[in-house]
Amino acid sequence: MADFLEKPVSWVYDNHEKQAIPSFRVGQQLRFWPSEIKQWLENNCREREAA
């Protein structure tokens, strides 16, 4: 996820709740469904807000 968003891993962990990034935990690891991330990006993209 960090590579996909081009953000540090620490950013993903720190912001998954603040930014409402859809995720779930397996043990202590965060996991992400690609379809939910795609929808989240489409709904939260800054470029879209400017349009």
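Reader: Where is A20 placed in this model?

Author: A20 is placed in the loop between α2 and β1, the latter spanning residues 24-26. Helices and strands are DSSP runs numbered from the N terminus (helices H or I with at least four residues, strands E with at least two). This is a predicted model, in which local features need pLDDT of at least 70 and side-chain atom pairs count only at pLDDT 80 or more, while totals for chains, interfaces and linings use all residues. Residues are numbered from 1 along each chain as its sequence is written, and side-chain values use heavy atoms, with hydrogens and water left out.

Reader: Why is A20 called exposed?

Author: Buried means under 20% relative accessible area, exposed means over 50%, and partly exposed lies in between (1.4 Å probe, protein chains only). A20 has a relative accessible area of 52%, so it counts as exposed.

Reader: Which of the labels buried or exposed applies to H16, and which to I21?

Author: H16 has a relative accessible area of 10% and is therefore buried. I21, at 3%, is buried as well. For the protein chain of 51 residues, 18% count as buried.

Reader: What makes the approach of H16 to Y13 a polar contact?

Author: A polar contact is a pair of N or O atoms within 3.5 Å; within protein, one must be able to donate a hydrogen and the other to accept it, and residues adjacent in sequence count only if both atoms are side-chain atoms. A polar atom of the H16 side chain is 2.9 Å from the backbone oxygen of Y13, so the distance meets the limit.

Reader: What stands out about the phi of A20 and of E6?

Author: Phi is near 60 degrees for A20 and near 55 degrees for E6. Most residues other than glycine have a negative phi. E6 sits in the loop between α1 (2-5) and α2 (9-15). With a relative accessible area of 72%, E6 is exposed.

Reader: How do you know which class the aromatic pair of F24 and W33 belongs to?

Author: Rings of Phe, Tyr and Trp (its six-membered ring) pair if their centres lie within 6.5 Å; planes under 30 degrees apart are stacked, over 60 edge-to-face, and the rest tilted. By this rule the count is one aromatic pair. F24 and W33 are 5.6 Å centre to centre with 25 degrees between the planes, so the pair is stacked. F24 is partly exposed, because its relative accessible area is 33%.

Reader: What makes a space a pocket, and which residues line the largest pocket?

Author: On a 1 Å grid over the protein atoms alone, where a 1.4 Å probe fits, a pocket is an open set with protein on both sides within 12 Å along at least five of seven lines; lining residues have an atom within 4 Å of a point. The lining of the largest pocket consists of L5, K7, W11, Q19, W40, L41, N44, C45 and R46. Helix α3 (residues 34-44) gives the most to this lining, three residues.
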